[in-house]
Amino acid sequence: MGLLTIGAFAAASRLSPKALRLYDELGLLSPARVDPVTGYRLYSPDQLERARLVAWLRRLGMPLARIKAVCVLPPPAAAREVASFWAQVEADTAARRDLVTFLIEQLSGKEPAMSAATKPLQIRYAALSDAGLVRESNQDTAYAGSRLLAVADGFGAAGAFASAAAVEVLKRLDTDRIPAGDLLNVLQEAAEQASQAVRGVAAAEPEPDQSGTTLTGMLWTGSQLALIHIGDSRAYLLRAGELFQITHDHTLVQSMVDDGRLRPEEATTHPQRALLLRALTGTADSSPDTRLHDAQADDRYLLCSDGLSAVVPADRIHQVIATVPDPEHAVRELVALANRSGGPDNISCVVADVIDSAG
Ligand code: MN
């Protein structure tokens with residue numbers, strides 16, 4: 001089978017020669033042969049399929065590193081990668097859409113819309129934190145109230161104080177006095193204060209950068225949820241039977257998955273899976289991410305520390321969350337599952353159901 005010039009291959013693949021040269025430089029698609037005298041790139045016709053795949057993935061907006069990873073996978077695994085990329089894009093878009101709605105409402109001086117037909121929603125909740133079976137102390141903090149849900153996973157010499165201090169700051173927001181339109185501002189301010197509080201606690205330690213905490217919290221106004229998040233504790237949403245992780249781990253392994261350098265299934269066993277890229281510490285200047293999220297009746301939220309999510313398989317968590325009706329029973333069952341798997345870490349869970357106040 002004859003090799004094609006870059007021009008002929010470009011025409012056959014409907015890609016420009018410029019794009020093909022770029023793909024070569026990026027290692028996405030190397031020519032079958034480069035003429036040693038002229039330096040011309042020559043392609044084999046059986047490279048057409050790969051060229052088209054690269055072009056399609058570029059059109060989806062997939063980052064180059066991730067395209068590189070997809071291209072070397074067998075088709076079923078590549079299909080799963082594309083699906084997981086797209087799920088992430090849709091989650092990001094949904095988060096931005098919520099923010100856009102919020103901004104439009106705020107700029108036009110309106111309170112967030114709540115249709116007359118919709119009754120105000122309430123939450124029914126439970127929180128449980130357990131030391132597990134291996135650690136001597138519990139450095140996690142879990143909290144659930146009528147307006148606030150939070151989990152923090154402390155680490156280092158002052159870990160327990162750090163997680164308690166961060167949650168304590170958020171607990172000041174567990175009141176009925178937050179107007180929905182101010183939610184994001186209030187939360188951003190709380191994020192700053194939580195960061196300061198942890199710095200204060202950890203600064204007294206000999207190694208202030210080694211003590212700190214994760215923080216994942218949800219503040220609730222009756223129609224909207226604001227999410228605050230830093231580290232590798234997680235928030236999940238159960239909606240229509242599906243369980244979605246709505247926070248993004250600030251870990252080394254997650255960043256490697258995002259860049260296409262690691263497959264999601266490899267992340268769970270990676271030796272450095274616990275390494276945090278961001279957390280509240282005695283020296284960190286990073287404050288938590290904040291964003292808004294629309295709540296619906298019958299939604300169920302789970303907040304947990306990695307003592308649950310890194311120990312109990314996702315399908316088991318999903319099963320408990322989807323089948324145990326009472327939040328109190330659900331948190332107890334989740335903690336028991338982690339302990340039955342050896343309980344290597346502190347375990348914290350918060351489960352909250354969004355319910356019609358009439359119901
Ligand atoms: Mn932990």
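Helices α6 and α7 of this predicted model are roughly antiparallel to each other. The assignment follows from the geometry of their axes, because an angle over 145 degrees counts as roughly antiparallel. The axis of α6 (residues 159-171) and that of α7 (residues 183-203) cross at roughly 150° and come within 8 Å. The crossing is right-handed. On the side of α6, the contact is made by Phe161, Ala162, Ala165, Ala166, Val169 and Leu170. Helix α7 contributes Ala190, Gln193, Ala194, Ala197, Val198, Val201 and Ala202. Sorted by class, these residues comprise 12 nonpolar, one polar and no charged members.

This helix pair belongs to a protein with 12 helices and 15 strands. Its C-alpha atoms fill a box of roughly 75 × 55 × 40 Å along the principal axes. Of the 359 residues, 41% are buried. When contacts between residues at least 6 apart in sequence are considered, 69% of them join residues at least 24 apart.

Among the strands, β5 may be considered next. Strand β5 spans residues 140-144, and five of its five residues are buried. In a regular strand, side chains alternate between the two faces of the sheet. In β5, Asp140, Ala142 and Ala144 lie on one side, with Thr141 and Tyr143 on the other. The partner of β5 is strand β6 (residues 148-155), to which it is joined by five bridges in an antiparallel arrangement. One of these bridges pairs Asp140 with Asp153 of β6.

Leu237 has Phe244 of β11 as its bridge partner.

The loop between β10 and β11 contains Ala240. Although Ala240 is not a glycine, it has a positive phi of about 50°. Ala240 counts as exposed because it has 7 C-beta neighbours inside 10 Å, and the cut-off for an exposed residue is 12 or fewer.

Arg14 also has a positive phi in a residue other than glycine, with a value near 55°. Arg14 is placed in the loop between α1 (6-13) and α2 (17-25). With 11 other C-beta atoms within 10 Å, Arg14 is exposed.

Is a loop residue such as Thr221 buried or exposed? Thr221 is located in the loop between β8 (215-220) and β9 (224-230). Thr221 counts as buried because it has 22 C-beta neighbours inside 10 Å, and the cut-off for burial is 20 or more. The C-alpha atom of Thr221 is separated by 7.6 Å from that of Pro179, a residue 42 positions away along the chain.

Terms used:
Residues are numbered from 1 along each chain as its sequence is written. This is a predicted model: local features need pLDDT of at least 70, side-chain atom pairs count only at pLDDT 80 or more; totals for chains, interfaces and linings use all residues. Helices (H or I, at least four residues) and strands (E, at least two) are DSSP runs, numbered from the N terminus. Two residues are in contact if their C-beta atoms, placed from the backbone, lie within 7 Å. Axes are lines fitted to C-alpha atoms, for helices over the stretch in contact, and angles run from 0 to 180 degrees between N-to-C directions. Angles under 35 degrees count as roughly parallel, over 145 as roughly antiparallel, 65 to 115 as roughly perpendicular and the rest as oblique. A crossing is left-handed if the near helix is turned anticlockwise from the far one by less than a right angle, and right-handed if clockwise. Ala, Val, Leu, Ile, Met, Phe, Trp, Tyr, Cys and Pro count as nonpolar, Asp, Glu, Lys and Arg as charged, and the others, Gly among them, as polar. Two strands pair if DSSP finds at least two bridges between them.
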